[in-house]
Amino acid sequence: MAAPRLEIDLNKIHHNTQTLVQRLASEGISVTGVTKASLGSAPIAHTLLQAGVCGLGDSRIENIESMRRANITAHMSLIRAPMLSQAKRVVQAADLSFNSELDIIKQLSYYAHELKRVHSIVLMLELGDLREGIMPEELLETVESILVLPNIELKGIGTNLACRCGVSPDTRNMAQLSELASQIETKFKLNLAIISGGNSANLPWILNQANHTRVNNLRLGESILLGREPLQRHPIEGLYTDAITLIAEVIESKIKPSVATGVIAQSAFGAVPAQIDQGPKAQSILAIGIQDIDPAGLTATQNQQILAASSDHLIIHTQQCLTIGSEMKFQLNYSALLRAMTSPFVNKTYFPITN
Ligand SMILES: *Cc1c(COP(=O)(O)O)cnc(C)c1O
């Protein structure tokens with residue numbers, strides 16, 4: 001089989017998705033399946049939909065367009081604020097977008113009117129993590145301006161925590177979001193269908209206690225694909241953490257000294273960490289590099305030590321020299337997965353759903 005490659009087990013992704021969908025349904029929460037870490041992969045999108053997500057979410061309009069070209073007709077949300085320059089494409093391809101700037105919502109309204117469509121929006125609130133969202137003090141005034149815009153439907157409000165500053169979702173900030181939703185409903189006499197509480201980092205909050213808030217939607221990517229929650233990166237009970245595996249091929253394997261010889265300056269990608277002399281060791285080179293993966297996000301499945309990486313080489317210490325052309329397996333974290341999924345040099349092999 002072609003190398004390097006990601007082996008993607010759709011059975012395990014289906015299991016992870018269905019497990020989360022069912023557990024959250026009992027708390028009145030729907031799941032938007034987030035495809036951004038998979039470059040809008042159509043096989044993964046189909047799997048999430050089969051496993052019961054209420055719709056798909058992606059941060060790039062290009063990914064949403066490519067899933068539309070793959071004839072996926074499901075409800076799709078753009079979960080990053082649209083670029084002003086892409087507003088027309090957003091109205092054309094996405095059913096809903098997450099927004100925090102009135103100028104952009106006005107542009108969406110303009111194109112929705114021109115295209116004779118209604119575009120739905122979720123208004124994002126800043127609740128402490130300091131990434132996207134309007135300040136809560138500006139909420140009512142912003143809603144008032146949105147409600148007069150033609151061809152725009154305010155479907156709900158949302159927030160996103162734990163992405164920039166690692167602020168943990170908890171009962172306090174989720175109750176705050178719920179309270180803000182109620183304020184809008186009372187003041188403008190309307191009903192908000194979506195209270196979207198966050199991403200996979202919300203799972204430790206909701207899997208350990210009953211939902212006493214109005215949060216009724218989460219947007220999940222990492223937990224579905226990797227089976228972990230992103231706050232501590234602990235495995236989530238009942239989920240597979242090995243649905244996706246990376247395989248790379250050995251192109252050199254020799255006994256070499258464990259310290260470099262000569263005057264040491266910078267390497268291709270900056271400073272070289274201090275080296276410890278362990279005598280001669282088996283050193284292998286795999287044909288994959290930092291344009292394909294984040295080397296810090298790889299774990300070799302047989303405990304081999306990853307030493308360094310350059311654009312196209314991954315260098316590891318192994319017990320003994322490896323056969324040239326043989327393959328090695330790695331587990332990936334989110335950062336390594338994101339890069340591997342988006343690298344055109346990494347093949348994607350899907351194990352289809354068997355049930
Ligand atoms: C990436 C992202 C998500 C999904 O996050 P995961 O940690 O992968 O579950 C949800 N919402 C927004 C706004 C995002 O950018």
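Helices (H or I, at least four residues) and strands (E, at least two) are DSSP runs, numbered from the N terminus. With that in hand, let's walk through this predicted model, where local features need pLDDT of at least 70, side-chain atom pairs count only at pLDDT 80 or more, and totals for chains, interfaces and linings use all residues. Residues are numbered from 1 along each chain as its sequence is written, and side-chain values use heavy atoms, leaving out hydrogens and water.

Leu-239 is buried, because its relative accessible area is 11%; buried means under 20%, exposed over 50%, and partly exposed in between (1.4 Å probe, protein chains only). Leu-239 and Lys-12 are 227 residues apart in sequence, yet their C-alpha atoms are 8.1 Å apart in space.

Side chains of opposite charge can pair when their charged atoms come close. The structure holds 10 salt bridges, each a side-chain nitrogen of Lys or Arg within 4 Å of a carboxyl oxygen of Asp or Glu. One of them joins Arg-233 to Glu-222, with the closest N and O atoms 2.7 Å apart. Arg-233 lies in the loop between H9 and S10 and Glu-222 in helix H9, so this pair ties together parts 11 residues apart in sequence. Glu-222 is buried at 8% relative accessible area, while Arg-233 is partly exposed at 38%.

Now look at the salt bridge between Glu-327 and Arg-5 (2.9 Å, N to O). This pair links distant parts of the chain, 322 residues apart: Glu-327 is in strand S15 (residues 327-332) and Arg-5 in strand S1 (residues 5-9). Arg-5 is buried, with a relative accessible area of 4%, whereas Glu-327 counts as partly exposed at 38%. Glu-7 joins Arg-5 and Glu-327 in a network of salt bridges.

Next comes a pair of strands. Strand S6 (residues 119-125) runs parallel to S7, and seven bridges join them; two strands pair if DSSP finds at least two bridges between them. Within this pairing, Val-122 stands opposite Gly-156 in S7. Six of the eight residues of strand S7 (residues 152-159) are buried, so S7 is largely enclosed by the rest of the structure.
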